[in-house]
Amino acid sequence: MDRWWALPLLLALLIGALCPLAGTLLLVQRRLFLANLISHAVLPGLAVAVALGLSPGVGGMVSGVAGALVAERLSQGSKPGDSRDEAVLNTVLAGFLGLGVLLIPLLHIRVDLEAILFGDLLAAGPGDLAGALAALAAVGTLLVGRYHQLVFLGVDPVGAASAGLPVRRLRLLLTLATAFTVVSAMTAVGVVLVIALMGAPALVALVGARSLKEALLRAGLVGMGLSALGFGLAIQPAINLPPGPVIALLCLALLPLAQVLRRAQDS
């Protein structure tokens, strides 16, 4: 029996767990926009890598981390989530994206921007699966090794710095793990789905969660559920649509549920 869908489904489930884990960590530290920044900042590195005949994933990883580090450097002194911080992040995002778009004609290369935005989950191969597994291992290692420090940093960033926690190192490690997650998932599902899966499941999971561990578990399960449902719907003969955009729409549909749960908790 032909089971061509097995590997793409496995990758969808893996990414469905991976992205919400990273997204939850970013959300509790009010740095979720970092994922959006990295996912757009990969384009210059990807273009240079293609021109040099190198792995696009490696180039995208370097460029994404560079964009995040530039934004963090330029936003020093501002608190996460305030207007100055958002202005810096948006400007760096636009600058790196513009640089990437300019490099494509300047380097005389061809880059499929539609594939970058939406990916091609059904064409995923073992290499994509290996990359997602490596990214999951990186995020898991960060959680196991730095869990209590990440909780402290998320609850009280000022207190964490005063207590002598290596705040800058922790943020760098989280930036690297986020970049690894974005690049490994983007080749299969594209920028749009990576951002959606980092945000929506985390919003639902954090409502009523008694600990970061509980929120992470919930987010991973919600993300896997969305991925499985979206993939199953997309490959139905009557629908026959790309799975990535379908999963992204399900993430959008999840937002009202997060709002309802939050209101129920507050009442």
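**Entry 1: the model.** I note at the outset that the model I am reading is predicted.

**Entry 2: helix α10.** I began with α10, which runs over residues 243-266 and so has 24 residues by the record of its ends. From its first C-alpha to its last I find a reach of 35 Å, which is close to the 34 Å expected at 1.5 Å a residue. I then looked up which of its residues are buried, and the list reads P243, G244, V246, I247, A248, L250, C251, L254 and A258. For what covers these buried residues, I wrote down that α8 (167-206) and α9 (212-234) are included.

**Entry 3: how α9 meets α10.** I recall that two packed helices are described by the angle between their axes and the distance between the axes. For α9 and α10 I have an angle of about 130 degrees, with the axes 8 Å apart. That angle makes α9 oblique to α10, and the crossing in which α9 passes α10 is right-handed. Which residues meet here? On the side of α9 I listed V222, L226, S227, L229, G230, F231, L233 and A234, and on the side of α10 they meet P243, V246, I247, L250, C251 and L254. Sorted by class, this contact of α9 with α10 has 12 nonpolar and two polar residues, and no charged ones.

**Entry 4: the loop between α9 and α10.** I next turned to N240, which lies in the loop between these two helices, α9 and α10. N240 has a positive phi of about 50 degrees, although it is not a glycine. Is N240 buried or exposed? I find that N240 is exposed, with a relative accessible area of 62%.

Entry 5: R30 is not a glycine either, yet has a positive phi of about 55 degrees. With 42% relative accessibility, R30 counts as partly exposed, since that value falls between the 20% and 50% limits.

**Entry 6: D266.** I closed with D266, which lies in helix α10 and is the residue at which the range of that helix ends. At 61% relative accessibility, D266 counts as exposed.

Note on methods. Residues are numbered from 1 along each chain as its sequence is written. This is a predicted model: local features need pLDDT of at least 70, side-chain atom pairs count only at pLDDT 80 or more; totals for chains, interfaces and linings use all residues. Side-chain values use heavy atoms; hydrogens and water are left out. Helices (H or I, at least four residues) and strands (E, at least two) are DSSP runs, numbered from the N terminus. The expected span of a helix is 1.5 Å times one less than its number of residues. Buried means under 20% relative accessible area, exposed over 50%, partly exposed in between (1.4 Å probe, protein chains only). Contact means heavy atoms within 4.5 Å. Axes are lines fitted to C-alpha atoms, for helices over the stretch in contact, and angles run from 0 to 180 degrees between N-to-C directions. Angles under 35 degrees count as roughly parallel, over 145 as roughly antiparallel, 65 to 115 as roughly perpendicular and the rest as oblique. A crossing is left-handed if the near helix is turned anticlockwise from the far one by less than a right angle, and right-handed if clockwise. Ala, Val, Leu, Ile, Met, Phe, Trp, Tyr, Cys and Pro count as nonpolar, Asp, Glu, Lys and Arg as charged, and the others, Gly among them, as polar.
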